[in-house]
Number of protein chains: 2
Amino acid sequence: MSVLFRKSLLAQVHLQRNMSVLASVLRYSEFGDPAKVVKLQKETLAEPSPGEVLIKTLYAPINPADINTIQGKYPVKPSFPAVGGNECVAEVVAVGDQGSRLKAGDRVVTFATGLGTWRSHAIYKEINLMKVPKTIGLAEAATITVNPCTAYRMLKDFVSLKAGDSVIQNGANSACGQAIIQLCRAWGIDCVGVVRDRADFGKLRDYLKNLGAAEIITEEELRTTKIFKDGIFKKPKLALNCVGGKNALEVSRHLDNQGIMVTYGGMSREPVTVPTASLIFKDLKYCGFWMTRWTKENSLSPKRSEMFEELFGLIVKNALAAPAHELIAFINYEKALTNALDIQGFVGKKYIFEF
Amino acid sequence: MSVLFRKSLLAQVHLQRNMSVLASVLRYSEFGDPAKVVKLQKETLAEPSPGEVLIKTLYAPINPADINTIQGKYPVKPSFPAVGGNECVAEVVAVGDQGSRLKAGDRVVTFATGLGTWRSHAIYKEINLMKVPKTIGLAEAATITVNPCTAYRMLKDFVSLKAGDSVIQNGANSACGQAIIQLCRAWGIDCVGVVRDRADFGKLRDYLKNLGAAEIITEEELRTTKIFKDGIFKKPKLALNCVGGKNALEVSRHLDNQGIMVTYGGMSREPVTVPTASLIFKDLKYCGFWMTRWTKENSLSPKRSEMFEELFGLIVKNALAAPAHELIAFINYEKALTNALDIQGFVGKKYIFEF
């Protein structure tokens, strides 16, 4: 496309839009307590250049990693000033060139990390946006790229699971835990979940079993349970760990020979303890998973579109719901950032900004 | 072959042999202190049946796993009465049938575990014996199936190493550690070894560097060394761990992203501690290796004969020597079993029975 032709196209688009967008943006320029260092700023957006898309954010969640990033505790350090957030669902307002596969009115999610999604409007590169069907709920779309994708890859990429096999996971009530439970149910895999004991354990167990867990047990029960030894469930080939410490050790004891423990979080802040004999004689393997790396390494892989198609399909037939969440107006960001890490609720409920 | 024909063949062999072999055997019928539960017994051997071979043992080593097995601390439990030992080099005395690929006078090693090699003579199945060239030293042949094979497989099967790459190992002065050092030298890999600090550290370092280690450091030095950060050696892709505990943790910190720690022993009797961040963000993997399982799973694999051919070749050209050892007459087995686990010497010197 010649420069002149492109310029004339842009002018056209600009005229059609007749816009001057004033965006609200949550920015921070130093690491620290999110409620203190994050500031709401206004900015006028330039029109999108070729290859860019102007979007209007609909929903954007607050994930634990977003908070850790602002605190400076995450291994990925943004350059300042930085905008918070890594997920959102948005509506396309305008595209930078007519050849785009996107058009105004399309619904999209961002699918790269570090884009800073906590803003009412943004101009992103088109390659960082994925069109999503409008048949998908906004909360599901806004939260699809982190937890369901993490759950999906961990269940697919480490051992070959078939219907009737078992998986054991701790932190089963986390947002990712809930996605793991639902994917297991969809694929006929028995998911046994471990949660900390609590006053309303019965209620939590019922909630997670209703979501599709084969069984939910407490950390206490984990030490003595015979559900695998007695053959109620097959010995798991895969353990998914987001807790670490003693909990992870006890989970690993239930793994079948040659089983794998995949660690994707460490909520106890304690390392994973691995008995030598389990490595040598049981041939267990321990590895980790980080969705950010997977996405980076597979940005052009067909595996990626296959994954999203399957996840969209499950959402459409109500087999995969968003984790328990609470919508909060973007303007109330201070409350959200203050409470994000200890929002009430027995499942790891999360805030989602509504614009 | 018809039964009659076979019988006549056997008779022939028997006549040729004109033998009645009285074997000395180290047996035990309960778990416990090896010096107490192991007894020297005499037994007359029947003639070898078809598929069997009568051998006369030349050298048979005492490995730590042999002692642990007698103590009842090893996961493989023999049925009683049991004969100790898992390695030997021997000479073929007679074969059970003429069609055998072996003949009297051939030199062989046992290559299955649990055969009980601490005996002056034995009848083994032919499939459990491998012919070895007579150009190979007896000590090398007697100790080839455990440590050099373990070292070989760990260096070959977990990451793809090429000349100039680095490997880090602890327990570098163990019998397996010495094999690892020599194989690394043969393949152009920089092997950095870690040993406990000791009075004669300088002597040990020189010994191991002379064997082919790129560098030998103490556990103390391990915590602060910059040999990888400063680029003196490449960051290792592979760590070999036979110690566990803090030592293994410190070793793992030097691994390159996506590196693997392979555990094959746990001399500190402490588990391996794995920081959550190293799993998620560095993508480290932790697994184990057990030669017994590999041999079981690969008994018919061409990988096995390729391995032995390469090891024999290295021994012949003096690139792979037996670990430091002390020959001890079989008759002095009580002394050997009493001292086997703490034989003097700065490298993990081992006893080899001489017959």
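Two strands are said to pair if DSSP finds at least two bridges between them, and the strands themselves, like the helices, are DSSP runs numbered from the N terminus (E, at least two residues, for a strand; H or I, at least four residues, for a helix). By that rule, β14(A) and strand β14 (residues 270-274) of chain B pair in the antiparallel sense over 3 bridges. This is a predicted model, in which local features need pLDDT of at least 70 and side-chain atom pairs count only at pLDDT 80 or more, while totals for chains, interfaces and linings use all residues. Residues are numbered from 1 along each chain as its sequence is written, and chains are lettered from A and ligands numbered from 1 in the order in which they are written.

**Where the two chains meet**

- The contact between the chains takes 22 residues from chain A and 22 residues from chain B, where two residues are in contact if their C-beta atoms, placed from the backbone, lie within 7 Å.
- On the side of chain A that touches chain B, the elements that give two or more residues are β14 (272-274), α10 (276-280) and β15 (285-288) of chain A, and the largest share, 4 residues, comes from β15(A).
- The residues of that side of chain A divide into 13 nonpolar, 6 polar and 3 charged, with Ala, Val, Leu, Ile, Met, Phe, Trp, Tyr, Cys and Pro counted as nonpolar, Asp, Glu, Lys and Arg as charged, and the others, Gly among them, as polar.
- Within the strand pairing across the two chains, the bridge partner of Val272(A) in β14(B) is Val274(B).

**How the two copies are related**

- Chain A can be laid on chain B with an RMSD of 0.0 Å by a turn of 180 degrees and a shift of 0.0 Å along the axis, the copies being superposed by least squares on the C-alpha atoms of residues with pLDDT of at least 70 in both.
- That is the relation of a two-fold axis, and the same surface serves both copies, since 100% of the contact residues of chain A recur in chain B.

**Domains of chain A**

- The domain assignment of chain A, which is of an automatic or database kind, gives domain 1 (3-143 + 322-354) and domain 2 (147-292).
- The C-alpha centres of these two domains of chain A lie 32 Å apart, and the contact between them takes 8 residues from domain 1 and 11 residues from domain 2.

**Helix α3 in each chain**

- In helix α3 (residues 64-71) of chain A, the buried residues are Asp66(A), Thr69(A) and Ile70(A), where buried means that 20 or more other C-beta atoms, placed from the backbone, lie within 10 Å of the residue's own.
- The buried residues of α3(A) pack against β1 (22-28) and α2 (34-37) of chain A, and the helix is followed by Gly72(A), whose phi is positive, near 80 degrees.
- In chain B, Ile70(B) lies in helix α3 (residues 64-71) and is buried, with 26 other C-beta atoms within 10 Å.
- Leaving aside its neighbours within four places in sequence, Ile70(B) is in contact with residues including Tyr28(B), Phe31(B) and Gly84(B).

**A sheet in chain B**

- An open sheet of 3 strands in chain B has the order β2-β1-β4, with antiparallel pairing, and its edge strands, β2 (39-44) and β4 (82-83), each pair on one side only.
- Strand β1 (residues 22-28) of chain B pairs with β2(B) over 6 bridges, and the bridge partner of Leu26(B) in β2(B) is Leu40(B).

Technical notes:
A residue is buried if 20 or more other C-beta atoms lie within 10 Å of its own, exposed if 12 or fewer, and partly exposed in between; C-beta atoms are placed from the backbone.
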